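Hi,

Here is the model we talked about. Please open it alongside this note.

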Amino acid sequence: MGDSRPFQRLHPASLLFLVGRALGQFLVPALVVLVLGRGERSEVWIALFAIPATAVALVRYFTYRYRLSGEELVIREGVIRRNERHVPFERIQNIDTTRSVLHRALGVADVSIQTASGAEPEAVMRVLSLDAVEAMRQRVFVHPLTEGDASAETDDSPATASRRTLAAVGTADLVRYGIISNRGLVALAAILGVVWQADIDPTRWITHHVPGMSGAEWPRLVLTGVLLAVAGLIVLRLLSIVWSVVTYHGFTLSREQDELVARYGLLTEHAVTIPCHRIQLVTAEENLLHRVFGRVSLRARTAGSGSDQQHHRRHDWLVPVLPRDRLEPLLAAVHGDFAAADLAWQPLPRRAVRRAVKRWLLMSTLLWLPLIILDLRLAAGLPVAAALVALVAAQGVRHTAWATTTDAVWLRRGWLARSTRVVRHATIQTIARTESPFDRRAGMAVVEVDTANSGLAGAAIRIPYLEHDTAGALSDRLATAAAATAFRW
Amino acid sequence: MTGDGEQAEERAREQRGEATGFEDRSAACDRPRFDNGSWRALDPRGVTVARIGAWIAVGVVTPPLVTGAVLLVVLAPLPRWLTLALPIVVAAVLIGLGWLAHRWPPISHRHRGWRLDRDRFEIRRGVLWHQVISVPRSRVQHTDVAQAPVERGHDLARLVVHTAGTAGASVTLEGLALATAEAVRDHLVAHESDDGR
């Protein structure tokens, strides 16, 4: 930690963005004042809010300094309450940049720096010049890997240090992704928000402007309703497509030494950096629509990209949409050193199907019982419901399979909607083997593998209905393999 | 080297003749062997502590249960059979709970254990749902040795091993002799720093 480099300021354009943000917060109140104030000194009111906000923004800019020294990032900020934050490079999970159109015109970027500490980014720096960001990336990530981690690349020669593109998503795939993900609601919510703000009453608007809607003609009303609903669904999908194409335009995932870099965005450009060895869990998801198009969505969780809803929903995509047959090669490329081609998928034992069916038949009967008590005629529905449940249960078990490779454990499950999960040994935290009374009667066990940030659902990988001996051997093997690797944040 | 300090401390502890709760400790052994991978039972005094805890729980539940039943009988216009049945049900529940408080801890004790081998720490627990949890040693983030008042009275402690995990972010082992808990803790932590990870 010898060198004491001088503290740096943010890019001068920060002033513009800080003031812009400060004023942006008062935009709505200011408009309200302007509209409702009926010209009675409204400018004074606005100035009363805007001037202090601007002043605060200015002070913030002039007091915010950072330094990349030795092995850590030091950030100093504040006037009254001074704060100096030290973030060791080792702890930095990723450095993400976001660039709106304005940022791009000025050649700057919003930078957020994530550690494993959870929801909030450790530091958000707005804004830095692109050169400064690149310099920071170099300093933070390109320091030598010190230990022989399983994920460390063996060929660290400068020749391979160049960028290698792993996946690129074309516009056609983004259109598919728009249809699959159905994020039109997000866009709609924004529109509704505007409508709400503008105080437009949609029902009144319809009754006034759609001919024949004032009278109570029921058939017509219902028909219009249905048409509106269908139109709404189509519009939602269209909006979703637009959202997808705009957000993920030009998506590329590339590997640069130990880092994965995802770049995307038409208007607002994002660059997300994820060090490979910090990926805790990789999940490939396929719902029905995915399967219609033969595509999968790939997510990666790092220890840092946590429960934060807004910021990270988008960022934990490794690849939003990918042809199905490219999945395993890509995973192999991401993790570097396992041969996905040699995956020997192990199905669950055949007896598991029977157990699952029995269990769900019982459950559905128990759940149906109150309905029968309410009305005896409902008993007729029980066989249908039970048959459906049994089918889903049986197919669920039949489509569950697990595999181990030299450095990871894989789990594939789901009948209609499928998911594939990969956990590297180096990120396994604990392994639990559980036998319920029913498991014991059948001579079976459940193996659960826990990782950092595996999500609300609990264990990252849960393999049910394993033969007792298989479960023992598997958990033993995983524990030994995990112990042989070092976990790095 | 932190290991040396710990060994010295261990030796001193042994010389003072404090029990560490290890059955297979031979006199020739300089340091108790933790990591031979055989399953070890918890301290039997843990049963008493668990019983006391369970009895306290029953004691806490009893007054509201009885008061509730009395209020119901006195204030609510219950049918006659229910008025008669209620005290019997409440008494049965209380007796059942008391029986459980007395009988469960030894059963649970029989199903609990721990072991330590070269590269992992394992505990097993559960009477109906048997569970074995393995924590690779290199994943131990930090450990706690905690003592509740009753445990303190019986010279027992609970060892909490924290990992970076989500669902199993911490693994708790109750009912260890204090000295054992401390020894295991020192061992887990020493291993970590020795590796320089």
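Predicted model: local features only at pLDDT ≥ 70, side-chain atom pairs only at ≥ 80, totals over all residues.

Residues are numbered from 1 along each chain as written, chains are lettered from A and ligands numbered from 1 in the order written, and side-chain values use heavy atoms, without hydrogens or water.

**Chain A sheet**

An open antiparallel sheet in chain A has four strands, ordered β1-β2-β3-β4. Strands here are DSSP E runs of at least two residues, helices H or I runs of at least four, both numbered from the N terminus. β1 (8–9) and β4 (83–88) of chain A are the edges; each has a single partner strand, so one side of each lacks a neighbour in the sheet. Pairing requires at least two DSSP bridges between two strands. β2 (65–69) and β3 (72–77) of chain A share five bridges. There, L68(A) sits opposite L73(A).

**Between the chains**

β19 (428–435) of chain A pairs with β3 (130–136) of chain B, antiparallel, over five bridges. T434(A) faces Q131(B) in that pairing. Six of the seven residues of β3(B) are buried (under 20% relative accessible area; exposed is over 50%, partly exposed in between; 1.4 Å probe, protein chains only).

β3(B) also joins β2(B), antiparallel, through six bridges. R120(B) has P136(B) as its bridge partner. Four residues separate the two strands in this hairpin, and G126(B) in the turn has a positive phi of about 100°.

Best wishes
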